[in-house]
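Please read the numbered points below with the model open beside them.

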Amino acid sequence: MIVVLGVSSGLMILNAVILIILLVWIFSWAFQTYRRKHYATVLSQEDFKKGMRKAQVIDLRQENDFKRGHILGARNLPYPYLRQQYGELRKDLPVYLYDEGMTLSTQAVAFLGKHGYSHLYILKDGYRAWDGKTKKSKY
């Protein structure tokens with residue numbers, strides 16, 4: 001009888017931990033979705049391609065990822081550097097952001113939005129889903 005109670009309470013603890021992890025994940029996902037919608041517009045590849053010639057296209061990935069391949073015309077400004085050098089971006093031009101997915105882009109638009117940037121756009125599904133023109137470093 002004691003062993004059964006031990007297993008039962010152990011399962012209850014495990015279930016509670018799983019429930020807490022699930023609730024944290026759901027809250028995090030909802031919060032990121034809210035931030036994206038509040039500060040930026042998520043663009044499909046087609047819309048991103050149409051508007052990128054009149055925008056500042058920023059690749060938020062690290063330099064080595066940028067060198068392996070990036071959207072043609074993009075400028076590499078990894079997210080940690082963006083937080084220090086955001087003043088180099090023009091507020092009067094749209095800012096098109098992308099990373100591997102949309103996580104860094106969401107953080108970046110929240111940061112830029114709080115610093116007065118209003119025309120912010122994120123590439124839906126990020127670079128990993130990009131099928132447009134790319135450029136790779138020769139070295």
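1. The lining of the largest pocket is made up of 5 nonpolar, 2 polar and 3 charged residues. Here Ala, Val, Leu, Ile, Met, Phe, Trp, Tyr, Cys and Pro count as nonpolar, Asp, Glu, Lys and Arg as charged, and the others, Gly among them, as polar. The residues concerned are Lys 49, Met 52, Arg 53, Val 57, Ile 71, Leu 72, Gly 73, Trp 130, Gly 132 and Lys 133. The volume of this pocket is about 200 Å³. A pocket is an open set of points on a 1 Å grid over the protein atoms alone, where a 1.4 Å probe fits, with protein on both sides within 12 Å along at least five of seven lines; lining residues have an atom within 4 Å of a point. Grid points are joined across faces, edges and corners, and the volume is the space filled by probe spheres set on the points.

2. A word on the basis of these values. The model is predicted, and local features need pLDDT of at least 70, while side-chain atom pairs count only at pLDDT 80 or more and totals for chains, interfaces and linings use all residues. Residues are numbered from 1 along each chain as its sequence is written, and side-chain values use heavy atoms, with hydrogens and water left out.

3. How many aromatic pairs does a search of the whole structure find? The search finds 7. Rings of Phe, Tyr and Trp (its six-membered ring) pair if their centres lie within 6.5 Å; planes under 30 degrees apart count as stacked, over 60 as edge-to-face and the rest as tilted. Phe 48 and Trp 130 make an edge-to-face pair, with 5.7 Å from centre to centre and 75° between the planes. This pair links distant parts of the chain, 82 residues apart: Phe 48 belongs to helix α2 (residues 45-51), and Trp 130 to the loop between β6 (120-123) and β7 (134-135). Helices (H or I, at least four residues) and strands (E, at least two) are DSSP runs, numbered from the N terminus.

4. Are the two partners buried or exposed? Phe 48 is buried because its relative accessible area is 0%, and Trp 130 counts as buried because its relative accessibility is 11%. Buried means under 20% relative accessible area, exposed over 50%, and partly exposed in between (1.4 Å probe, protein chains only).

5. Tyr 98 and Tyr 127 form a stacked pair, 5.9 Å centre to centre with 25° between the planes. The two are 29 residues apart, Tyr 98 in strand β5 (residues 95-98) and Tyr 127 in the loop between β6 and β7. Both tyrosines are buried, and Tyr 98 has a relative accessible area of 0%. One aromatic cluster takes in Phe 48, Tyr 96, Tyr 98, Tyr 121, Tyr 127 and Trp 130.

6. Lysines also meet rings. The charged end of Lys 49 sits over the ring of Trp 130, 5.5 Å from its centre, and Lys 91 lies over the face of Tyr 117 at 5.4 Å from the ring centre. A charge sits over a ring if NZ of Lys or CZ of Arg is within 6 Å of the ring centre and within 35 degrees of the ring normal.

7. Met 12 lies in helix α1 (residues 2-39) and is exposed, with a relative accessible area of 57%. Met 12 and Glu 100 are 88 residues apart in sequence and 38 Å apart in space, C-alpha to C-alpha. Gln 56, in strand β2 (residues 56-59), is buried at 13% relative accessible area. Between Gln 56 and Pro 94 there are 6.2 Å, C-alpha to C-alpha, and the two are 38 residues apart in sequence.

8. One backbone angle deserves a look. Asp 125 has a phi near 70°, a positive value in a residue other than glycine. Asp 125 is in the loop between β6 and β7, and counts as partly exposed because its relative accessibility is 37%.
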